[in-house]
Amino acid sequence: MTTTHPAASPPYRITPPRILHAEWHKLRSLRSTWITVVSAVVMVLGVGLTMGATYTSGGGDSDIDTVVLSLYGSMLAQIFLAVLGILMTAGEYATGTIRSSLTAVPARLPVLWAKAVVFAATVFTVMLTTSVVTFAAAQAFLHDTDQTASFTDPGVLRALVGNAGALTLMGLLALGLGALLRSVPGAIGAFIGGVMILPEILGMLPYDVVERAIMYFPTQAAGALGSATPIPGTISPGPALLALTLWAGVTLAAAALTLKRRDV
């Protein structure tokens with residue numbers, strides 16, 4: 001008489017927490033992660049302290065929003081964070097490790113979503129902390145000037161959170177470009193040329209419709225999110241957040257479609 005044994009359980013199951021843990025392990029174990037994140041933090045903090053230490057009341061910067069003045073280094077930090085996002089996706093294609101990732105997760109898309117979640121959680125946490133610390137440190141120099149402000153002033157906390165959110169969404173846009181183009185140099189070029197430089201070129205055109213459209217471009221929307229007071233020529237924070245979220249979402253959706261339809 002033959003005894004039937006139940007099928008052996010697989011040694012592991014592919015679950016969202018395990019995919020997230022794998023992507024988190026990859027992110028924190030890479031030297032490039034530490035270099036880009038530390039560089040972004042140093043840019044925001046260093047420029048913020050410099051602006052605070054060298055500021056004098058009544059100068060040419062007196063009309064600049066206090067949060068914008070303190071976090072001026074965010075414009076440079078977004079480049080480092082964009083590179084980090086691109087390396088998370090296109091970097092795996094460059095090294096060939098994407099084959100191992102997709103072999104372990106044949107459904108493919110969970111890998112992309114896990115990368116996006118891990119990146120967003122990491123960058124938002126780090127940059128929100130950096131924004132708060134930089135603002136407080138800059139105010140140590142600005143407390144007796146016309147740029148003095150506190151966390152309880154209208155719009156300040158929203159702008160600090162908005163600045164971290166804007167940097168996160170810009171990084172997610174870059175992460176999507178990396179997955180879409182599968183080339184580190186190509187994605188960096190597309191981000192700098194298409195996201196940062198193109199709006200400045202279009203802004204030279206003497207058409208009102210172009211000027212209004214540019215307000216919804218990523219860099220312009222990001223600037224509106226990081227200001228405690230309205231900036232002339234920009235949209236309000238609500239539409240800015242929606243616009244920036246849509247830019248990142250559409251780019252990630254295009255990357256997801258490419259990931260499903262193209263071979264590795």
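Predicted model: local features only at pLDDT ≥ 70, side-chain atom pairs only at ≥ 80, totals over all residues.
Residues are numbered from 1 along each chain as its sequence is written, and side-chain values use heavy atoms, with hydrogens and water left out.

**View A. Helix α7 from end to end.** (Helices are DSSP runs of H or I with at least four residues, numbered from the N terminus; the expected span is 1.5 Å times one less than the number of residues.) α7 is mostly covered, with 21 of its 26 residues buried, where buried means under 20% relative accessible area, exposed over 50% and partly exposed in between, using a 1.4 Å probe and protein chains only.

**View B. The largest pocket.** Its volume is about 710 Å³. (A pocket is an open set of points on a 1 Å grid over the protein atoms alone, where a 1.4 Å probe fits, with protein on both sides within 12 Å along at least five of seven lines; lining residues have an atom within 4 Å of a point. The volume is the space filled by probe spheres set on the points, which are joined across faces, edges and corners.) Of the 26 lining residues, Val68, Met75, Thr219, Gly223 and Ile231 lie nearest the centre of this pocket. Helix α10 (218-225) gives the most to the lining, with five residues.

**View C. The second largest pocket.** Here the volume is about 220 Å³. Its lining includes Glu23, Lys26, Leu87, Met88 and Lys115. Helix α4 supplies the largest share, five residues, and α1 (16-29) gives at least two.

**View D. Phe217 and Trp247, an aromatic pair**. A search of the whole structure turns up two aromatic pairs. In this one the ring centres are 5.6 Å apart and the planes meet at 55 degrees, so the pair is tilted. (Rings of Phe, Tyr and Trp, the last by its six-membered ring, pair if their centres lie within 6.5 Å; planes under 30 degrees apart are stacked, over 60 edge-to-face, and the rest tilted.) Phe217 is in the loop between α9 and α10 and Trp247 is in α11, so the pair ties together parts 30 residues apart in sequence. Phe217 is buried at 17% relative accessibility, while Trp247, at 35%, is partly exposed.
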